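Please examine the sequence and the coordinates together.

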Number of protein chains: 4
Amino acid sequence: MKEQNRKHVKIAVIGGGSSYTPELVEGLIQGYDEMPVSELWLVDIEQGKHKLEIVGNLAKRMVKKSGLPIEVHLTLDRRAAIQGADFVTTQMRVGLLEARKLDEHIPLRHGVIGQETTGPGGMFKALRTIPVILEICRDIEELAPQAWMLNFTNPAGMVTEAVTKYSRVKTVGLCNSPINFKKFLAEAFGTPESRVLPEFVGINHLHWVTSALVDGKEVLPELLRGKKEYSARNVPTLGWDPQFLQSLSAIPTYYLKYYYMTTEMLNEQIASLEKDGTRAEVVSRVEKELFELYADESLEEKPKQLEQRGGAYYSEAAVHLMQSLYTGRNDIQTLNVPNGVIYDFLPADASIEINCVVTAGGPIPLAPRHVPQHIKGLLHAVKTYESLAIDAAVSGDRGLALQAMVHHPLVPSVSTAKLLLDEMLEAHRSYLPNFYV
Amino acid sequence: MKEQNRKHVKIAVIGGGSSYTPELVEGLIQGYDEMPVSELWLVDIEQGKHKLEIVGNLAKRMVKKSGLPIEVHLTLDRRAAIQGADFVTTQMRVGLLEARKLDEHIPLRHGVIGQETTGPGGMFKALRTIPVILEICRDIEELAPQAWMLNFTNPAGMVTEAVTKYSRVKTVGLCNSPINFKKFLAEAFGTPESRVLPEFVGINHLHWVTSALVDGKEVLPELLRGKKEYSARNVPTLGWDPQFLQSLSAIPTYYLKYYYMTTEMLNEQIASLEKDGTRAEVVSRVEKELFELYADESLEEKPKQLEQRGGAYYSEAAVHLMQSLYTGRNDIQTLNVPNGVIYDFLPADASIEINCVVTAGGPIPLAPRHVPQHIKGLLHAVKTYESLAIDAAVSGDRGLALQAMVHHPLVPSVSTAKLLLDEMLEAHRSYLPNFYV
Amino acid sequence: MKEQNRKHVKIAVIGGGSSYTPELVEGLIQGYDEMPVSELWLVDIEQGKHKLEIVGNLAKRMVKKSGLPIEVHLTLDRRAAIQGADFVTTQMRVGLLEARKLDEHIPLRHGVIGQETTGPGGMFKALRTIPVILEICRDIEELAPQAWMLNFTNPAGMVTEAVTKYSRVKTVGLCNSPINFKKFLAEAFGTPESRVLPEFVGINHLHWVTSALVDGKEVLPELLRGKKEYSARNVPTLGWDPQFLQSLSAIPTYYLKYYYMTTEMLNEQIASLEKDGTRAEVVSRVEKELFELYADESLEEKPKQLEQRGGAYYSEAAVHLMQSLYTGRNDIQTLNVPNGVIYDFLPADASIEINCVVTAGGPIPLAPRHVPQHIKGLLHAVKTYESLAIDAAVSGDRGLALQAMVHHPLVPSVSTAKLLLDEMLEAHRSYLPNFYV
Amino acid sequence: MKEQNRKHVKIAVIGGGSSYTPELVEGLIQGYDEMPVSELWLVDIEQGKHKLEIVGNLAKRMVKKSGLPIEVHLTLDRRAAIQGADFVTTQMRVGLLEARKLDEHIPLRHGVIGQETTGPGGMFKALRTIPVILEICRDIEELAPQAWMLNFTNPAGMVTEAVTKYSRVKTVGLCNSPINFKKFLAEAFGTPESRVLPEFVGINHLHWVTSALVDGKEVLPELLRGKKEYSARNVPTLGWDPQFLQSLSAIPTYYLKYYYMTTEMLNEQIASLEKDGTRAEVVSRVEKELFELYADESLEEKPKQLEQRGGAYYSEAAVHLMQSLYTGRNDIQTLNVPNGVIYDFLPADASIEINCVVTAGGPIPLAPRHVPQHIKGLLHAVKTYESLAIDAAVSGDRGLALQAMVHHPLVPSVSTAKLLLDEMLEAHRSYLPNFYV
């Protein structure tokens, strides 16, 4: 298409004061030729105003250095940001790191995995987040009905499913875990990322890699044998029992350790809590350091330290996705989208994490060529919990919330579920208006 | 049909030396008008010869007293018993109570539920039993291809599924749990059994009652409230958390306590082990007493004590089923049959426990009017384990066995699964020829 | 249940002036012990007032002769009739026989089958009838929300599906074709009806019998060979090509001749039209004679001549269904109910005609044990047309109506479909308010 | 990948003497950089030896002119050609144009569409072709088990399905119809082919375009309105009733005129037969002229006249597919592949024609975003016929063949089906060994 005919793009970033924002800005600058951004609106809540200013000013310095005609707006007015946007990204944390700390602490006290996106912690993150996301959706339906919402907010699968079920907003959920696997593969086999094609079966934070084509060759058996001296940092087969992997015929995502190695992970969490505090507390310290860097007015680019933050490549994933939706380049990305016909044992509107071709009309999922029998039950069990928790979040129904908690595979009994539910509802009370009307 | 035209029936009872046999004989005598039995073959293995003789002689005395022209044969020759049979029933215990003791003991030592039909114990019972059942099927395919096999052998769902998948024998699996629920309902509401219709969702030893019609009225809400002073002995809502039952909107079978109240059940098992030994040891004592009674040559009827044995109404269920298959009376019975189209999230050949109309052509399942969202994941997870374990039993593949064990919801980690698998394979080695070729 | 506790039943008959009513009244009288009727409301429209009085007075004489305490009400006030009813039956003809004549005439003029329930004629009967039925449903939802609606109104499958999709009324559709088949089987094999169990696959007026158990024996092969000298009047295999039946492995319903023997049926219709006029005209003469009989004040019972009317056993079917819903006797009846999980290639809310167990909670369909591959496409094609036509009836959307007509397997081309649609819409204009707003 | 590491490719062309071969050779030459071909084996049967030599020598001259190191082999030894091949393409006509003439003539005589791939003609082409294709598969299974078979042989959908069901050969079916639609779109909107993405719903020669993205914009409504003055030759909306297209919300393939405009097409066929003879006879004349051109030893390139042959872009499609399988470039192509989970109303192993991402591991189908309700019935009906015909071809079962013929939507009655079947079986007797053992 001729340059002068190209539509210029408006992006609204909900949670724009996040420490991840500089990576996103870098990506948009580097990808300007592919997709010209005319307006970038960083929006945050009153409580996050200070961070928004620090990050937003860094963003402005980065854009200025690039010489590109991108307007950067900092605002607390969400509706102004959304008005007429082409893309709305959401990266937020309802209750901030304080709430996350509770999500990690409370389950551990009852001998249950305490984690941000998995188990009772993930459930409560969903209960807090979904009502806020749906409010944002109401704004998008009104002010930018054609916009795509790119959701990074965890638990990304559940949040995306809630949007699909309870709004008319076009949405895609994103996680950096699949892109990290691709980068590992490319590095391990010394080939460009475009030459690797792993196949993911499952849902967000609960997937299995069941095939991996590298330069047109299936390398899964080689990966499962684990013999190759991979050069990459994050070898996805490390820490797993080799005999188990062999008979599984698939590589589980890291998050599956909470299910397959529950005892070990629980012990590690308890030990780590004693040593460093919860993960929330660790992240809190890292963030503090990052914002000190960002505040330095001589800084005009994304600092290297951001890459160690844990969420590496999130923004790369986001920029790629926006570009493909914008240009219709039909490349393959691993995304969280509605199940449709893919898994016949899951509802059509359940969110799944899967390879998609990203067309200008949206992502189209690619049915995995092989779904191992072994994993169907666990996948269905976790998705059942997720769907119950989503409905509970929207309705504020305690009975549904109890059923969700009871049927989570990591919760050992009804009695524990009841204790956890009561204690966590009370602890997060101020963020759960649906439950306390 | 005119009496003289009626086909007279030959029944072969595999495991005929079982302590349950007198109940079956009583049922056949009482139901003679409905279905005339001409030959009853009680067959057992060399090791069970002594019991077979005691039970068989009691059976002969019972028949003699009845004055009916039923021939009772005692034999160790399975093929002679099966030859031309109309019905073959299987009620056996590969490895006898000694093996059951191991199934109950070993998991408990690793902090896992030790139970005859659920968890690792049930899995090993399946591994031992399925190859023997399939040998019997080979005989039936050859010697009585039109016969129905009525399978009582536990784990009844898995054994029945194995027969469906790996043989051409027509089979139905039977459990006394649904018939007990019907009897409770009838007694509690003071109405005949024919006027109650509970709806069962699930599989053997993992079902939920989701509706209960009594005299044409839905009484589930009343049952869940638990207010009525039921007169029956075994009130199925006792012991459950009332708040949990309310939001579940269903009554779980007793066996679901192993899943929903894992911690409590584990503690109970450990306490009970210390006090009485395993359940296998308790049963062993009860059986000893029964056989002493049976051996009394003046006894000509089923002794009352048998009803306390735990398997009450098994034989009533069996006799009813045979009669309905024989006469085509199209009544409703709760049976273990292939899933077909009933649950769209389970394979067509998975065995399920469900209300069926029993026609002369076999049972036809009745799709439940409502399958609660809540329970789909757990149901799928347990069925996945079952199918893997069945395939492992047939193939002797240790990798499959490991996957089955790992994906059982009651097994907490791959490491525990491996320990259990190794120890239990070794303990049952002599009964697992497929694993030790 | 004790007599004094039994609920006495109110029945509203919409289209009570129908010539079939005496059969229904006879059935209710004969079945009084099973289900005591206290009120029978015959309701009709102004145009049918004369017939209503004739039939109604015969009904009163019949009840009087029986000596039973059944009140018979004749009314034009539909709401009074429905108020608090336990059962509402609908047997009506929107546009009367005049409209039927057009349904039969117009398609024939374009070389297309002209039939009351099949093809374009059936489609227009649905377009006229569905809006009226849904008005009745609005009344039932308000005035008798617990009532069962028994729908006899043709095209019964489509009308029933419309009620399921567009109202909250509990409904079952009824046709006499399956009951006729059972009567044929029983007569041919000299056994009571309760001893025969044919299996029906398909939808109303488009089903195949794929199995027939008589006294517990499969007799389908024998029927397909057609060798037996059946004594019954209506032998269902007559007129079919034997070679075709053999390879079909099923007995098609008579109505399938419109699909499988289109040329022959068309020729027969044209010949018959010349000789006797349309079927509507024949029926018109028969009805005239019947009403002359009914008007005879000395008549106190259903006249024999009614049995030749073509709709024999409709009322038997209706009375049986009401009794089973009332008593919960769990017998098997062949009914039009929502598909649910039965045919995985049809929508869950599509109506199908199928064996059901009739419980007090409603009918539960029995999945056919075998669905022949051969017939799936035709079945899906006709159901697709039906669903489109139902949606067209409700919306008055001409585009949908065109798609329905085009995709009817008996309509040869888009151009014919357009001609037929335009001509028939115009001809029935006064009965199609949704299309002429 | 580095050049020296690239695998060089061996291609076997079954039916190498076809007039299409020069186009294929041109494509392989032009695409050499993408996929280096070392050996091209043109294989034909004794009867086609003369044509093979003419075409083969032209192929050799074309390669020589290109200067590329491609060996061209001409042979009658199919096994030598297949041995170790990477790709086997099949483009053949069992019974040659003589048989096609019968396929077109005989049905017309009975008032039924006479066409090469649709209706009874297509069915008999399948009956003749499938056994020969499966013989070739036996060779591939033995001599080149890793090869991909690219099947162009019509009826391409049925032949591909037969290979999937009855062999272990990896196969893809190809038709030029989708690629022609893409070229039309690109030309009409003045954009490169890579910027258009139509969505195809259906099966080979029976598909509907339900969406068309051009430069990221949905243009289907514009196409259906047909207002634009498209510059392209083959406007796919020409000849259709505009009102019908509007309510269909999709563009049917040309072949659907046989179903939607049966009367018109039949009249056209009869008229055309009188004027030019059958299509087979027309093609015969065109082929004669082409071979005269090919025989000219001064000709070193594909002659322009070939493009008018009707099968334009077949070879482009083939070369693109081979390249994508070779390089794993993950582009989107419209192919005939097994249904898998895509259409839940069709069997998993039914062949469908659908957009696929072509990976190095094979094509992965993209589930259409919208499957119009309207067309499901017709699609299922034709696929049912196809599956029956395939099974008939393999088994030689006349009953199955009759059921296939009867259930083809274009065959009006069982009696016509029987006549057609008998006459066509007899006419093609020498090519139907399975039916005449």
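Asn330(D) is buried in this predicted model, because 21 other C-beta atoms lie within 10 Å of its own, where 20 or more are required. Its place is the loop between helix 13 (314–327) and strand 11 (331–338) of chain D. Although Asn330(D) is not a glycine, its phi is positive, at about 55°.

Another residue with a positive phi is Asp215(A), which is likewise not a glycine and has a value near 50°. Asp215(A) belongs to the loop between strand 8 (206–214) and strand 9 (217–218) of chain A. Is this residue buried or partly exposed? Asp215(A) counts as partly exposed, because it has 17 C-beta neighbours inside 10 Å.

Cis peptide bonds form a further backbone feature. In chain B, the bond from Asn154(B) to Pro155(B) is cis, with omega near -10°; Pro155(B) is part of the loop between strand 5 (148–151) and helix 6 (156–166) of that chain. In chain C, Asn154(C) and Pro155(C) are joined by a cis peptide bond with omega about -5°, and Pro155(C) sits in the loop between strand 5 (148–151) and helix 6 (156–166) of chain C.

The next topic is strand 2 (residues 37–43) of chain D. Five of its seven residues are buried, so the rest of the structure largely encloses this strand. Strand 2 of chain D pairs in the parallel sense with strand 1 (residues 9–14) of chain D over six bridges, and Trp41(D) of strand 2 is the bridge partner of Ala12(D). Together with helix 1 (residues 21–30) of chain D, these strands make a right-handed β-α-β unit. Strand 2 of chain D also pairs in the parallel sense with strand 3 (residues 71–75) of chain D, over five bridges; here Leu42(D) has Leu74(D) as its bridge partner. With helix 2 (residues 49–66) of chain D between them in the list of elements, strands 2 and 3 of chain D make a right-handed β-α-β unit.

In soluble globular proteins, nonpolar side chains tend to be buried together. The largest nonpolar core here has 554 residues, of which Ala389(A), Ala389(B), Ala389(C) and Ala389(D) touch the most other members. Beyond its neighbours within four places in sequence, Ala389(C) contacts Met123(C), Ala126(C), Leu127(C), Met158(C) and Ala404(C).

Finally, the contact between chains B and C takes 24 residues from chain B and 24 residues from chain C. On the chain B side, strand 8 (206–214), strand 12 (351–359) and strand 13 (362–365) each supply at least two residues. By class, that side has 12 nonpolar, eight polar and four charged residues.

Terms used: Residues are numbered from 1 along each chain as its sequence is written. Chains are lettered from A and ligands numbered from 1 in the order in which they are written. This is a predicted model: local features need pLDDT of at least 70, side-chain atom pairs count only at pLDDT 80 or more; totals for chains, interfaces and linings use all residues. Two residues are in contact if their C-beta atoms, placed from the backbone, lie within 7 Å. Helices (H or I, at least four residues) and strands (E, at least two) are DSSP runs, numbered from the N terminus. Ala, Val, Leu, Ile, Met, Phe, Trp, Tyr, Cys and Pro count as nonpolar, Asp, Glu, Lys and Arg as charged, and the others, Gly among them, as polar. A residue is buried if 20 or more other C-beta atoms lie within 10 Å of its own, exposed if 12 or fewer, and partly exposed in between; C-beta atoms are placed from the backbone. Two strands pair if DSSP finds at least two bridges between them. A crossover is right-handed if, with the strands pointing away from the viewer, the path from the first strand over the helix to the second runs clockwise. A nonpolar core is a set of buried Ala, Val, Leu, Ile, Met, Phe, Trp, Tyr and Cys residues joined through C-beta atoms within 7 Å.
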